[in-house]
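Look at the sequence and the model together.

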Amino acid sequence: SLHPLPLTLIVAATSSSLAIGRSGGLPWRIKADMAFFARITKRVPLTALPSTPTLSPTPIHNAVIMGHKTYLSIPPKFRPLPDRINVVLSRNPDSISAPDNVLRASGIEEAVKMLQERGDVAKVWVIGGGEVYKAALEWEGAKEIVLTRVENEVEGCDTFFPVRLGEEGEWKRVPHEEFEEVVEEQIPRGVQEEGEWKFEFQLWRK
Ligand code: FOL
């Protein structure tokens, strides 16, 4: 199509240190957040669906772009992530061991170009980890961040989200109503609790 594909980042990070990972995995297991992640990254916006019914409709899917380490961190039974076009980044894409339906690219730009050329891609999600978030943020085209802000302190984390979201800076928090319009679903408002975990779903925009 003529429009460039915008990128949306999705991340769960602690509020104090922006920790996102520990020892090659997530620092927590928050079921409600993982369910939110799966739902949101799968949902194809109504505006991406064909306005005219066709005899042989092209299946439209969202895409998820991730680094090689993030791909390997997904439990084998869940990867490639179902119902989404999976793109795995590596400086040496040939070294990625994954099924044939996984797309490989050497960077964000190449990944977006590949997806652009397919013509069956609705929304493009950048799902991490630290290095891929950094590359996506440096590249023009990352305009939104869907953040699960985890309020707990977590020890021993070794991977961090590369941008501070707060009062000052180029990223502004989007009101809850507009967040729900953007993702086309109802989102619980305010701090949620699941066992020891306290977290809030937020949308930020540049
Ligand atoms: N964003 C948010 N909000 N939370 C996350 O946990 C998260 N994780 C990643 C990227 N963005 C995130 C990267 N890590 C799976 C596992 C790890 C992962 C991303 C996804 C995964 O297995 N997802 C399955 C659902 C599994 C389940 O229901 O337990 C999927 O189908 O999406």
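A residue is called buried when its relative accessible area is under 20%, exposed when it is over 50%, and partly exposed in between (1.4 Å probe, protein chains only). A111 counts as buried because its relative accessibility is 0%. Find A111 in helix α3, residues 108-118; helices (H or I, at least four residues) and strands (E, at least two) are DSSP runs, numbered from the N terminus. Now locate I65. It is 46 residues from A111 in sequence, yet the two C-alpha atoms are 7.5 Å apart in space.

A word on the source. This is a predicted model, in which local features need pLDDT of at least 70 and side-chain atom pairs count only at pLDDT 80 or more, while totals for chains, interfaces and linings use all residues. Residues are numbered from 1 along each chain as its sequence is written, and side-chain values use heavy atoms, without hydrogens and water.

Next, the ligand. Its shell holds 19 residues, and the closest are I10, R29, D33, R84 and I127; a residue is near if one of its heavy atoms lies within 4 Å. Helix α1 (31-42) and strand β1 (7-14) each supply at least two of the shell residues. The largest share, four residues, comes from α1.

Which atoms make polar contacts, meaning pairs of N or O atoms within 3.5 Å? In D33, a side-chain N or O atom is 2.6 Å from a nitrogen atom of the ligand. In R29, a polar side-chain atom lies 3.2 Å from a ligand oxygen. In I10, a polar backbone atom is 3.3 Å from a ligand nitrogen.

Notes:
Polar contact = N/O pair within 3.5 Å; in protein donor to acceptor, adjacent residues only side chain to side chain.
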